[in-house]
Amino acid sequence: MGFRVGQGLIERFTKDTARFKDELDIMKFICKDFWTTVFKKQIDNLRTNHQGIYVLQDNKFRLLTQMSSGKQYLEYAPKYLAFTCGLIRGGLSNLGIKSIVTAEVSAMPACKFQVMIQKM
């Protein structure tokens, strides 16, 4: 479901945007504009190894802030991130990038999304 929503949102957000130069520009767009529109804040940190792996870190992820009162929900947190992983993957797919997106939560409400670009 997140994949389809991500595709639709990217279509709407990029209709008046100039073409992107490379995949790093696309990832910057996801971290700034896309994330701001969906979650009302930018990604806190974007890292890359320049070989197709990007790590997006959000230190205060909105969907986890309500559950972050204790450690008892830490094991269930990744299930709540599946939709967001689909959102990122769908958005990238509509911009011509095939990817695998996974989420990791080590301390709530912070989370990391790892985006692995698949070469076609």
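Which residue in S2 is the bridge partner of asparagine 45? I found that asparagine 45 has glutamine 57 as its bridge partner in S2. I note that this is a predicted model, in which local features need pLDDT of at least 70, side-chain atom pairs count only at pLDDT 80 or more, and totals for chains, interfaces and linings use all residues. Residues are numbered from 1 along each chain as its sequence is written, and side-chain values use heavy atoms, with hydrogens and water left out.

I then looked up the sheet, taking strands (E, at least two residues) and helices (H or I, at least four) as DSSP runs numbered from the N terminus, and counting two strands as paired if DSSP finds at least two bridges between them. The sheet is open, with 4 strands in the order S1-S2-S4-S3 and antiparallel pairing. Its edge strands, each pairing on one side only, are S1 (45-48) and S3 (99-104). On average, neighbouring strands are turned by 15° against each other, direction ignored.

Next I followed the pairs. S1 and S2 are joined by 4 bridges in the antiparallel sense, and in their hairpin, with 4 residues between the strands, histidine 50 takes a positive phi near 60°. S2 (residues 53-58) runs antiparallel to S4 (residues 111-117), with 6 bridges between them, and aspartate 58 stands opposite cysteine 111 in S4.

Last, I checked helices, with contact meaning heavy atoms within 4.5 Å and angles running from 0 to 180 degrees between N-to-C directions of axes fitted to C-alpha atoms, for helices over the stretch in contact. H2 (residues 23-39) lies across S1, S2 and S4, at about 15° to S2, whereas H5 (residues 82-94) lies across S3 and S4, at about 155° to S3.
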